[in-house]
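Hi,

Here is the model I promised to pass on.

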Protein chains: 2
Amino acid sequence: MTKILIIGGGGMVGQKLAARIAAGGLDSISEPEVTLFDMGFAEGGAPAAERMTGNLTDSALIAELAARKFDIIYHLASIVSGEAESNFDLGWAVNMFPTWELLEGLRRAHEASGGTYVPKVIFTSSIAVFGGPYPDKIADEFLSAPQTSYGAQKVICETQIADFARKGFIDGFSIRLPTICVRPGKANLAASSFFSGIIREPLNGVEAILPVEDTVRHWHASPRSAAKFLTHAATMDTARLKGRRALNMPGLSCTVAEQIEALRRVAGQKAVDLIKPQPDETIMRIGGGWPRDFEPQRAIALGFEAESSFDEIIQVYLEDDLP
Amino acid sequence: MTKILIIGGGGMVGQKLAARIAAGGLDSISEPEVTLFDMGFAEGGAPAAERMTGNLTDSALIAELAARKFDIIYHLASIVSGEAESNFDLGWAVNMFPTWELLEGLRRAHEASGGTYVPKVIFTSSIAVFGGPYPDKIADEFLSAPQTSYGAQKVICETQIADFARKGFIDGFSIRLPTICVRPGKANLAASSFFSGIIREPLNGVEAILPVEDTVRHWHASPRSAAKFLTHAATMDTARLKGRRALNMPGLSCTVAEQIEALRRVAGQKAVDLIKPQPDETIMRIGGGWPRDFEPQRAIALGFEAESSFDEIIQVYLEDDLP
């Protein structure tokens with residue numbers, strides 16, 4: 001039996017991951033038994049052996065979780081970008097300190113085991129670790145210079161995880177997710193929410209606001225790709241990382257105009273007509289700082305894969321998430 | 001009057017900085033009044049208005065220091081690389097958490113002042129934030145991938161300082177020092193200690209061990225340059241940093257053979273004969289991970305300067321530090 005913990009298991013990506021594991025997505029791993037940890041869970045949802053409810057800032061609870069000797073620990077939980085920016089204290093309290101507490105707990109378990117317990121730790125970082133000005137394509141050796149507290153917190157967690165792994169206390173690394181698109185369900189408060197909205201709403205017969213110029217270019221992967229990144233990360237040979245334990249994930253670079261053309265091909269002009277341009281200065285200003293394109297050679301060489309056209313990304317939404 | 005705090009003010013670089021300030025090194029700043037903070041102070045030493053003794057891990061003391069509203073705060077203190085590697089707990093306890101406590105204290109003081117108090121914070125980071133494989137010259141946009149806990153701790157402090165500065169709580173940035181050479185006084189336990197030893201010992205008529213091949217290339221600046229970086233950092237217009245608040249300092253790239261040739265030119269064959277090759281596998285292995293050369297264009301454009309030959313570096317030792 002392989003004990004798996006998903007911190008943030010109630011969230012969108014956590015649920016996709018749990019469902020994928022239940023469907024055999026960790027095929028080389030024997031008898032995965034999944035524990036989901038989150039602040040709460042919607043009814044129904046992905047199958048799991050156990051659902052635990054709690055708060056990441058409860059350090060006693062984190063220590064207790066760490067002591068349970070999970071074989072694989074996914075850490076997906078965080079305060080989202082916009083909230084970490086508006087609530088500085090909460091962002092750091094949730095996005096930095098609990099990761100440290102988790103790592104320290106895992107080190108204690110490692111030491112108590114005489115060094116035999118070395119859990120795999122997979123952390124979801126983000127392209128928010130980057131800040132402009134950017135080259136046309138961001139290569140694997142480009143610096144992290146975050147321009148949000150969320151991005152800064154991700155850099156710090158990446159750095160701690162890499163050092164605990166280098167010392168052999170854990171075997172872990174960080175994957176930097178593209179913007180996940182098309183997100184199912186309702187719009188969230190992220191400034192980037194419209195990238196999903198302009199596709200999802202029209203496919204559901206609902207109007208969507210487009211707050212930026214259609215020339216804006218961005219970096220996307222589907223929720224299905226995010227779940228696949230995570231299962232691949234758990235089974236990949238981490239010795240191949242050679243001391244660089246934060247990986248830019250593959251994705252698809254396209255403009256909003258290209259997104260809209262793909263929507264037209266898949267769902268016709270009627271769907272496109274539901275997109276209402278309504279420029280929003282704030283979102284345009286924030287969006288000016290977003291990465292546009294990557295060259296994630298290392299991740300590709302390590303076997304990570306994403307979509308190669310926005311048509312495919314829409315198709316994934318239709319197959320996996322259309323209500 | 002300008003209130004200046006030097007955390008780590010008892011150390012070699014802290015003392016050089018205090019002496020430089022006392023000699024008018026902050027010429028554009030009116031009436032600098034220097035407080036030195038460290039675990040202890042040697043007798044004599046650089047002039048200061050106040051010497052405070054304490055431990056960085058005493059968070060109440062750090063909060064108290066932060067509340068004293070210094071105009072300029074230099075944070076130079078840390079557990080050195082070798083010790084942070086052998087004593088994992090101590091390294092993180094001293095090199096990460098106190099910086100957070102300091103920043104939080106400064107934020108409280110900023111907020112209590114209604115936003116008018118925005119101290120300048122200058123943090124000494126290190127080229128230890130980098131990890132190989134390297135390009136021939138490390139450019140300003142090269143990633144941080146530290147291969148020591150010390151380097152990881154420096155990355156984390158840099159990232160926190162940049163975010164607190166971005167939010168306007170402080171006005172701060174980090175300078176990544178080259179290896180400081182020729183260090184005065186006794187050899188320390190750093191693996192890189194021999195870079196100074198093979199020059200300093202012969203100039204004092206004493207034998208020195210060379211533990212690596214003389215083809216090893218490394219990145220150096222003098223103690224005088226380190227102090228000049230720090231005074232320039234305090235007077236420079238930080239708006240020119242444009243959101244990238246960690247700077248690779250200028251330095252001199254040379255091989256050990258080039259160091260030895262410079263010593264021969266300055267002090268003759270008799271001095272060179274005091275260098276005894278004695279290969280040390282451990283030091284050679286660690287040294288294989290050190291950066292060799294940089295292209296610090298941003299720092300140079302911002303007015304930072306270092307030596308342009310190793311002869312000059314030896315000359316600085318003769319002028320400033322030869323007993």
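First, some housekeeping. This is a predicted model, in which local features need pLDDT of at least 70, side-chain atom pairs count only at pLDDT 80 or more, and totals for chains, interfaces and linings use all residues. Residues are numbered from 1 along each chain as its sequence is written, while chains are lettered from A and ligands numbered from 1 in the order in which they are written.

On confidence: chain A has an average pLDDT of 96, and 100% of its residues score at least 70 (pLDDT is the predictor's confidence in each residue, from 0 to 100). For the complex, the predictor gives an ipTM of 0.96 and a pTM of 0.97.

**How the two chains sit together**

Two copies of a chain are related by a rotation about an axis and a shift along it.

How many residues of chain A are in contact with chain B? There are 20, and they touch 20 residues of chain B (two residues are in contact if their C-beta atoms, placed from the backbone, lie within 7 Å). On the chain A side, helix α6 (residues 149–166) gives the most, with 9 residues. Helices (H or I, at least four residues) and strands (E, at least two) are DSSP runs, numbered from the N terminus. By class, that side of chain A has 8 nonpolar, 7 polar and 5 charged residues (Ala, Val, Leu, Ile, Met, Phe, Trp, Tyr, Cys and Pro count as nonpolar, Asp, Glu, Lys and Arg as charged, and the others, Gly among them, as polar).

**Helix pairs**

α6(A) turns up again inside its own chain. The axes of α4 (residues 88–95) of chain A and α6(A) come within 10 Å and cross at roughly 20° (axes are lines fitted to C-alpha atoms, for helices over the stretch in contact, and angles run from 0 to 180 degrees between N-to-C directions). That makes α4(A) roughly parallel to α6(A) (angles under 35 degrees count as roughly parallel, over 145 as roughly antiparallel, 65 to 115 as roughly perpendicular and the rest as oblique). Phe88(A), Gly91(A), Trp92(A) and Asn95(A) of α4(A) make the contact with Ser149(A), Tyr150(A) and Gln153(A) of α6(A). These residues comprise 3 nonpolar, 4 polar and no charged.

The axis of α5 (residues 97–112) of chain A also comes within 10 Å of that of α6(A), with a crossing of roughly 10°, so α5(A) is roughly parallel to α6(A). Thr99(A), Trp100(A), Leu103(A) and Arg107(A) in α5(A) meet Cys157(A), Gln160(A), Ile161(A) and Phe164(A) in α6(A). By class, this contact has 5 nonpolar, 2 polar and 1 charged residues.

In chain B, look at α7 (residues 194–203) and α9 (residues 256–272), whose axes come within 10 Å and cross at roughly 30°. That makes α7(B) roughly parallel to α9(B). Residues in the contact include Ile198(B) and Pro202(B) of α7(B) and Leu263(B) and Ala267(B) of α9(B). The contact divides into 8 nonpolar, 1 polar and no charged residues.

Most residues other than glycine have a negative phi, and most peptide bonds are trans. Cys181(A) and Val182(A) are joined by a cis peptide bond, with omega about 5°. Val182(A) is in the loop between β8 (179–180) and α7 (194–203) of chain A. Chain B has a cis peptide bond between Cys181(B) and Val182(B), with omega about 0°. Finally, Glu31(A) has a positive phi, near 40°, and lies in the loop between α1 (12–22) and β2 (32–38) of chain A.

Cheers
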